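Colleague: Put the model up, please, and let's walk through its helix contacts and charged pairs.

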Amino acid sequence: MSGFVPFNRAPVTGRELELIAEALNAPHMAADGVHTKWCQAWLTERLGAPHVLLTTSCTSALELAAILCGIGPGDEVIMPSFTFVSTANAIVMRGGTPVFVDIRPDTLNIDEKRIEAAITERTRAIYVVHYAGVCAEMDAINAIARRHGLLVVEDAAQALLCSYKGKAAGALADMACFSFHETKNVVSGEGGALVMSSADQYVRSRVHAEKGTNRTAFMLGQVDKYTWVDKGASYMPSEITAAVLRAQLERAEDIIADRLATWQRYHEAFAQAERDGLLRRPVVPQECVHNGHIYYVLLPDNGQRNAMIATLKANNVGSAFHYIPLHSSPAGERFGRVHGDMTVTDTLPGRLLRMPLWYGMGTAADAAAEALLKALRVPHPA
Ligand SMILES: *Cc1c(COP(=O)(O)O)cnc(C)c1O
């Protein structure tokens, strides 16, 4: 393999241009046309979730979910700190407060055992993240939510076609948010979806997503005036975006199978290094089926992690760290609050290195794995 192995390369299935042309030639190219409906039907069927609304991003889906949860000033939402900014911003945009709790050392997902102690009379919801497409411990989390009358929202941005105890990510809580950003498994440039468990949420979501109007009811002939009825913004993607997403969803299984094969190559390549104590490989609990979204390793310390990213780059391999924990970011300190000890969040993410992983990378993964192993076996100054 010669040339640079990029960290990510967005998949192209080959049908995108044809479906975009269809969208351009259709009578309408704004939201809610045939391609949007096709994608929503596909997600509804594949996730076994009753209501799906395509959105312009996972960020907007997370915000819509916060509106549907009724988050307002002073309300608190419990979430991990090891996540993308959008999980927390969704709450902050409504005037609420993200309350960060620690993650589990095995999956790096929210530590369900730390949630209950963080609940106050202002707590309204729990936002969980399925990191690397490995689901959080949903049975325990849903049980806590039921005991305290809280809503649960899945940030399933990375978890398309993943499952927990045989049930699809996206159908494991009150609502779920997916991302089709170019860095995800299935992409439309920018894009997302909000999945809802109740018909009431779905009806309300369409009002908020259609600029606070009753356009849906008007189009269905349920009202005779098209008017402003509630808060809202523009959260629905155009048919051009939906056309790209459709071309990708048609091939979602192939894309995921290919990524899983690459994930497995890395996992086998690093088995001996783990036994030798040079790194730790990802942990996938028995009840979770993942989608090969991320292959990461945990290195002994932050210095070695940073050195490895530089060494890989010098050897033509793109790799990456991941989130700076939100509770130690400037906005996280300003808008959020921590509950309890954050030892795992404060240590493991600084040791995490993501290997390049994209559809069709084939033997480039072997070259990348070899480059990391070679660098790890050279003693580095501590
Ligand atoms: C990618 C990602 C998002 C944001 O997705 P967008 O579609 O870019 O808005 C949110 N949360 C997590 C966990 C993500 O990985």
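Modeller: To start with a helix pair, Thr262, Arg265, Tyr266 and Ala269 in H9 meet Ala365, Asp366, Ala368, Ala369 and Leu373 in H14, where contact means heavy atoms within 4.5 Å. Sorted by class, the contact of H9 with H14 has six nonpolar, one polar and two charged residues; Ala, Val, Leu, Ile, Met, Phe, Trp, Tyr, Cys and Pro count as nonpolar, Asp, Glu, Lys and Arg as charged, and the others, Gly among them, as polar. The helices (H or I, at least four residues) and strands (E, at least two) are DSSP runs, numbered from the N terminus.

Colleague: Before we go on, what does the model rest on, and how are residues numbered?

Modeller: This is a predicted model, in which local features need pLDDT of at least 70 and side-chain atom pairs count only at pLDDT 80 or more, while totals for chains, interfaces and linings use all residues. Residues are numbered from 1 along each chain as its sequence is written, and side-chain values use heavy atoms, with hydrogens and water left out.

Colleague: Back to that pair, then: at what angle do H9 and H14 pack?

Modeller: Helix H9 (residues 252-269) and helix H14 (residues 364-377) pack at an angle of about 30°, with their axes 10 Å apart. Here the axes are lines fitted to C-alpha atoms, for helices over the stretch in contact, and angles run from 0 to 180 degrees between N-to-C directions. H9 is therefore roughly parallel to H14, given that angles under 35 degrees count as roughly parallel, over 145 as roughly antiparallel, 65 to 115 as roughly perpendicular and the rest as oblique.

Colleague: And is the crossing of H9 and H14 left-handed or right-handed?

Modeller: H9 and H14 cross in a right-handed way; a crossing is left-handed if the near helix is turned anticlockwise from the far one by less than a right angle, and right-handed if clockwise.

Colleague: How about H3, what does it look like against H6?

Modeller: H3 and helix H6 (residues 199-209) pack at an angle of about 120°, their axes being 10 Å apart, which makes H3 oblique to H6. This crossing is right-handed too, and the contact is made by Leu64, Ile67 and Leu68 of H3 with Gln201, Arg204, Ser205, His208 and Ala209 of H6. Those residues divide into four nonpolar, three polar and one charged.

Colleague: Which residues does H3 use against H4?

Modeller: Helix H3 (residues 58-68) and helix H4 (residues 85-92) pack at an angle of about 35°, with 8 Å between their axes. On the H3 side the contact has Thr59, Leu62, Glu63 and Ala66, and on the H4 side Ser86, Thr87, Ala90 and Ile91.

Colleague: Switching to burial, how many residues of H8 are buried?

Modeller: Nine of the eleven residues of helix H8 (residues 239-249) are buried, so the helix is mostly covered, where buried means under 20% relative accessible area, exposed over 50%, and partly exposed in between (1.4 Å probe, protein chains only). What covers the buried residues includes helix H1 (16-25), helix H2 (34-47), strand E1 (51-55) and H9. Arg246 is one of the buried residues of H8, and Arg246 also takes part in a network of salt bridges with Arg15, Glu18 and Glu250.

Colleague: What counts as a salt bridge here, and how many are there?

Modeller: A salt bridge is a side-chain nitrogen of Lys or Arg within 4 Å of a carboxyl oxygen of Asp or Glu, and by this rule the count comes to 22.

Colleague: Which side chains pair with Arg104?

Modeller: Arg104 meets Asp106 in a salt bridge at 2.7 Å, N to O, and another salt bridge joins Arg104 to Glu112, with the closest N and O atoms 3.0 Å apart. Arg104 is buried, at 16% relative accessible area, and Glu112 is buried at 10%, whereas Asp106 is partly exposed at 23%.

Colleague: Last one: what does Arg215 touch?

Modeller: Leaving out residues up to four places away in sequence, Arg215 touches Asp32, Glu210 and Tyr226. Arg215 lies in helix H7 (residues 215-219) and is partly exposed, with a relative accessible area of 24%.
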